[in-house]
Amino acid sequence: MRVKRYISGFFYFALLLSFSMQPSEGTPDDSKGLEELPLPRWTEEDPGMPMPTAADGALPSQLWPENAVGELAPESAGADSITPPPPVNGDNLLFFIPKGPGKTDAGKTASKKPAVPLKEVGADFVRACERAEADSYLIDPETVLHETQAEDLRRLLSYHAGESKISSYFLLLGQHETLPSSLDLAKIASGRLAHGNTCLVIYPLGEPWRIRFFMSRDITQAVTVKYLGEMMNACVQDSLQATDPVEQLQRFATHLSIRLIWLERAHPAAFAIQKDSVVAIPEGDPTEWYPEVTAEAAETAPPVGLWDQWKGRVVIASWVLAGGGFMVAFALSIVRWMRRRSRRAVWLIPEAEFTRRLGGAHCGGGGASARYN
Amino acid sequence: MDLVHLDRVTDAAHCLRLREAQHVEAFLEDFERRFPQVFIAVYLGVLPQSFSVAELSFWLLNHAAFNHADAGKLNEHAAVLIIDPSAKAVGLNVGYSLEPFFPVKQLNKIVQAMRTPLWHGEYVGAIELAVRRVEKCLKRVACRAPAQKPIAPPPSAEAFMNGSGLRALRRSEGASIVEKDWKNASRPGQEEEIF
């Protein structure tokens, strides 16, 4: 009875719920009675773009992508775009990628010739170079480097001069500057370049591709031009890894220091002369006693023959093989002699006295036995 | 009891192949060349249950006549190695002359070292191992001496012909050559056919 009442109550509740959720067809105009919410409207005081009007026809062009073509393009796509058209080569996406200090760009700049004509330095500059002290490895008459940067470089060059047999001097130039042809290298740094093994780097700041590199004649005669050219090229390429001019200079100086120490170890015969010995400076062309090393020299140098390239290794390998063969032959002869000696020899055991026991004529014991299962 | 005849290697249990037996025999001969006073005999056989390897080695050393190059060697200088593959037992015994150099402890070491190759059925390896150990022990007490084997020329032509191994096809009247050929020794009557 109670269950029947529950079922009927549930039925009425479901019927009432269905009536309340079903949209009534007989009241279509009831929604009109509700108040319509107003849309926002543009006013003259609003910041930003003026409100477009349908008469301008600009509304669709701002909703669609500017350069959209094809089926997605609206009817007004044929109208002139506000922004200029993309370049023909189609690399417009590269505009959004930041350009880093890449080697490619640096290489491009290296091959570029300066658009601005070079200007020769004045007589004061030359005089300052000549008056520079012998132990000042950094000559910067125009003070193109800040004091701290110059001091860092000076410390590096002084340290290198203490560690290496080749002292390196840096003569700094400003951008678009060049040295006069009448400059006498023998007078630079109070004539220090004529003493021992030295090298001079004329470094235009920010333009590593214009670097000029001079070395003592004793070194250039002992070392191949190709080696020196490759060394010079490697230093320049390493400096071009950086974009900052000061960092370029630091990289160049560091790499040059390393390369000079390599050079010293690879050609020890070239540094037989004393560090402070004075070179006789002949009259005439200064490049004869202090020749310039260029990266192009490495490319134009005659190729080294295969025999010259492998001669040292072949000689060492021959000595090693000969020594090894001699040792093996010596060991084999010893082994053979020992075998022959053992074949010709016999071993005699001492005669021992014994007493017979257990009735045995020749043996009196049971020996040793074991099981192996 | 009468003496028994025994070779360097006696394989009564058929444990060794022909090549292995020849190899062991050559190995023992080399040992005898290096130690001319000493010889080693190897016996592989299945023993009755009432007979141990120690007893057999004792009996063999006292009653066996070993076949080796120098018949003058006495059994006091012999070492006998007994292997029983059925009972899986191994024994080593030496004569009176070798007893001072091979105490029981040393013999036990040699026998114990042979157990592993014998367990794997490597009879040749076990025999070689034992011989090497014996050789090593002997070298500690032996002294090296140059091998002296005097070779005297035959006193007469007849003695040369007798000892050369050459056979005459026709008998000479004045000479009486003794035919001594081991190949034809087992085939009597062949001489008559030739002549």
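Are Glu32(B) and Arg8(B) buried or exposed? Glu32(B) is buried, and so is Arg8(B). Keep that pair in mind. Before going on: this is a predicted model.

Let me stay with Arg8(B). The side chains of Glu32(B) and Arg8(B) meet in a salt bridge, 3.0 Å from N to O. Glu32(B) lies in helix α1 of chain B and Arg8(B) in the loop between β1 and β2, so the bridge ties together parts 24 residues apart in sequence. Arg8(B) has a further partner. Glu25(B) forms a salt bridge with Arg8(B), and here the closest N and O atoms are 3.7 Å apart. This pair also links distant parts of the chain: Glu25(B) is in helix α1, Arg8(B) is in the loop between β1 (4–6) and β2 (9–11), and the two are 17 residues apart. How exposed are they? Glu25(B) counts as partly exposed because its relative accessibility is 34%. Arg8(B), at 11%, counts as buried.

Now chain A. It has ten helices and nine strands. Of its 373 residues, 28% are buried. Take the contacts in chain A between residues at least 6 apart in sequence: 71% of them join residues at least 24 apart.

One example of such a link is Glu120(A). This residue is found in strand β1, residues 119–120. Leaving out residues up to four places away in sequence, Glu120(A) touches Thr178(A), Leu179(A), Pro180(A) and Ser181(A).

Arg154(A) pairs with Glu151(A), with the closest N and O atoms 3.6 Å apart. Where do they sit? Both are in helix α5, residues 147–163, three residues apart, which means about one helical turn separates them. Arg154(A) is partly exposed at 30% relative accessibility. Glu151(A) is partly exposed too, at 36%. Over all chains, the count comes to 13 salt bridges.

On to the interface. How many residues of chain B are in contact with chain A? The count is 51 residues of chain B, against 30 residues of chain A. Between them the chains bury about 3,700 Å², 59% of it on carbon and sulfur atoms. In chain B, the residues that lose the most area to chain A are Lys88(B), Tyr96(B) and Arg144(B), together 22% of what that side buries.

Next, the polar side of things. There are 20 residue pairs in polar contact between chain B and chain A, both residues at pLDDT 80 or more. The elements of chain B giving two or more residues to this side include α1 (18–34), α2 (53–63), α3 (104–119) and α4 (123–141). The largest share, eight residues, comes from α3(B). By class, this side of chain B has 31 nonpolar, eleven polar and nine charged residues.

Two salt bridges are found across the interface. One of them joins Glu76(B) to Arg356(A), with the closest N and O atoms 3.5 Å apart.

Last, the strands. Strand β8 of chain A, residues 345–348, is joined to β7(B) by four bridges, and the two run antiparallel. Which residue in β7(B) is the bridge partner of Ala345(A)? That partner is Pro146(B).

Definitions and conventions: Residues numbered from 1 in each chain as written. Chains lettered and ligands numbered in written order. Predicted model: local features only at pLDDT ≥ 70, side-chain atom pairs only at ≥ 80, totals over all residues. Heavy atoms only, no water. Contact = heavy atoms within 4.5 Å. Buried area = accessible area lost by both parts, 1.4 Å probe. Salt bridge = Lys/Arg side-chain N within 4 Å of Asp/Glu carboxyl O. Polar contact = N/O pair within 3.5 Å; in protein donor to acceptor, adjacent residues only side chain to side chain. Nonpolar A, V, L, I, M, F, W, Y, C, P; charged D, E, K, R; others polar. Pairing = 2+ DSSP bridges. Buried < 20%, exposed > 50% of the residue type's maximum accessible area, 1.4 Å probe, protein only.
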